[in-house]
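My notes follow the order in which I checked them.

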Amino acid sequence: MTDTQKPVSEVVPELDSALRAAVERGLPGTIADLSALVRIPSVSWAAFDRNQVAASADAVAALARDLGVFDVVEVKQAGIPGTDELGQPAVIATRAARNGRPTVVLYAHHDVQPPGKDEEWESNPFEPTVRGDRLYGRGAADDKAGVMAHIGAIRALVEAEGADFDLGLTLFIEGEEEFGSRSFATFLEENHAALSGDVIVVADSNNWDIDTPALTIGLRGNVTFRLTVRTLTHASHSGMFGGAVPDAMLATIRLLSTLHDADGGVAVAGLTSHDQETPPYSEEQLRRETGLLDGVSPIGHGTILSRIWAQPSITVTGIDAPTVANASNTLSPAISVQISVRVAPGQEAQSAYEAIEKHLRENAPFGAHLEIDDVDTGEPFLVDTSGWAVASVRQAMADAWGVPPVDIGVGGSIPFIADLVRVFPAAQILVTGVEDPDSRAHSPNESLHLGVFKRALLTEAYLLGRLNRRDAV
């Protein structure tokens, strides 16, 4: 283990004081820049305007150039495997390490989810609005706050140490994370040298609450697909043939009901769980954070957090079927549903897909015909917590927040992390957060708690500043 590969074991009072002051002074400008990014509707989904994603990438690149520390700042695209299409634009900025310092790769994404229904927002989703301690807007938390945490931390480092520091830095701001990172693996291969680093900080996760930081050490993987259930070659009159002919809706309902036990736990053989200790988390907290209605019980078994972090889940996220308004007295010949499976850490996504496909085919009622297509998989992730970088970021969190961090799992998935592990096996990956349980990422009224943002930004400034100081590592 070299000097630069030891955990930060002591604080540097004068450096920490300078970094804290720099973060304080720069915070209004950082929030203003974040607000400007939020105003760009950079939805990366295929049905939305790609020009807006390009504008967002250009804005991020301008922020990176203005820092005055990078040797190269580029907006780049990579091809999507199996197609003739290019992925959405990403920003990559690089600065070489000197004098034995490590290189830290800072990842976030500048694309956002679609806003959904305007009437469900209390303010315009692309007009950043401060109410109380929170900044509301699509992408205000996920993940333009991650982008600006990186930018703001580097600004603080420059103010405290000057632009001629020794730490190696790579800024990697992706443009299609919310649309499946379809060109991500190709982008990594084509930019392998530029993206290589000792530490990769992924600023795209949660904190325990608004007063307690968290380091994400486990993520579930995912399997998504479309299932079509067919029982008839054409629709038939429900009065003439109902009671003798199984319609596709009946078959679909019966089949989907086999996926869960009576308590709502997953009932698919071959989907595994991960043995993981979880901190205390009450049903009352679950109800408060999710909006679970009075009288509606939680599902599953085991501790609540083990159900979210370490066990599989299956959700039907969409149904193509006749609407109530257009319902006719017919037996539906075919019904399609979209299924989302979360895969517990420790199981390969392909193994999970094979298990649920086997279950569906073996349990198809009445001999219904099944079609499965649009299959997509993402691997789960477990952090090796023994590395020096984990110790360093934990210390930075404790000093910035005033309380020690909690190690958490996350029920959601960040599938591209598996690509980072595969392409850069020697890098230590730190999954940090700018969000809190009330951020409502992907939902109407997404928001960023500004106190959390300040402390997350200070955490990263401490981490970068200390790694840049030889006597601090």
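These entries go from ground rules to core, then to spaces and backbone.

**Entry 1: ground rules.** I am working with a predicted model, in which local features need pLDDT of at least 70 and side-chain atom pairs count only at pLDDT 80 or more, while totals for chains, interfaces and linings use all residues. Residues are numbered from 1 along each chain as its sequence is written, and side-chain values use heavy atoms, with hydrogens and water left out.

**Entry 2: the core.** I looked up the largest nonpolar core and found 101 residues in it. A nonpolar core here is a set of buried Ala, Val, Leu, Ile, Met, Phe, Trp, Tyr and Cys residues joined through side-chain atoms within 4.5 Å. Buried means under 20% relative accessible area, exposed means over 50%, and partly exposed is in between, with a 1.4 Å probe and protein chains only. The members that touch the most others are Phe70, Val104, Leu169, Phe172, Leu420, Phe453 and Leu464. Helix 13 gives the most to this core, with eleven residues. Helices (H or I, at least four residues) and strands (E, at least two) are DSSP runs, numbered from the N terminus. Another core, of 26 residues, lies apart from it and includes Leu227 and Val341.

**Entry 3: Leu464.** I then picked one of those core members. Leu464 sits in helix 13 and counts as buried because its relative accessibility is 0%. What does Leu464 touch, not counting residues up to four places away in sequence? I listed Val104, Leu106, Ala153, Ile154, Leu157, Leu167 and Leu169. Contact means heavy atoms within 4.5 Å.

**Entry 4: helix 12 and Leu420.** Helix 12 covers residues 416-423, and its buried residues are Phe416, Ile417, Asp419, Leu420 and Val423. They cover an arc of only 155 degrees around the axis, so they are on the same side of helix 12. The arc is that of the directions from the helix axis to the C-beta atoms. Leaving aside neighbours within four places in sequence, I found Leu420 in contact with Phe184, Leu188, Ile200, Val202, Pro425 and Ile429.

**Entry 5: cavities.** How many cavities of 30 Å³ or more does a search of the whole structure find? It finds three. On a 1 Å grid over the protein atoms alone, a cavity is a set of points where a 1.4 Å probe fits but cannot get out; a pocket is an open set with protein on both sides within 12 Å along at least five of seven lines; lining residues have an atom within 4 Å of a point. Grid points are joined across faces, edges and corners, and a volume is the space filled by probe spheres set on the points.

The largest cavity holds about 130 Å³. It has 15 lining residues, and Thr432, Gly433, Ala456, Thr459 and Glu460 lie nearest its centre. Helix 13 gives the most to this lining, with four residues. By class I noted ten nonpolar, four polar and one charged. Ala, Val, Leu, Ile, Met, Phe, Trp, Tyr, Cys and Pro count as nonpolar, Asp, Glu, Lys and Arg as charged, and the others, Gly among them, as polar.

The second largest cavity has about 50 Å³. Its lining includes Gln88, Phe172, Glu174 and Phe184. Strand 6 (168-174) and helix 4 (184-190) each supply at least two residues of that lining.

Entry 6: Of its 15 lining residues, Phe381, Leu382, Asp384, Val421 and Ala427 are the closest to its centre.

Entry 7: Is Glu178 buried or exposed? It is buried, with a relative accessible area of 9%, and it lies in the loop between strand 6 and helix 4. Its contacts include Asp142 and His442. The C-alpha atoms of Glu178 and His442 are 9.3 Å apart, although 264 residues separate them along the chain.

Most residues other than glycine have a negative phi, and most peptide bonds are trans. The peptide bond from Asp142 to Asp143 is cis, with omega near 5 degrees. His442 has a positive phi, near 75 degrees, and is partly exposed at 41% relative accessible area. Arg440 also has a positive phi, near 55 degrees, and is exposed at 51%. Arg440 is in the loop between strand 17 and strand 18, and His442 is in the loop between strand 17 and strand 18 too.
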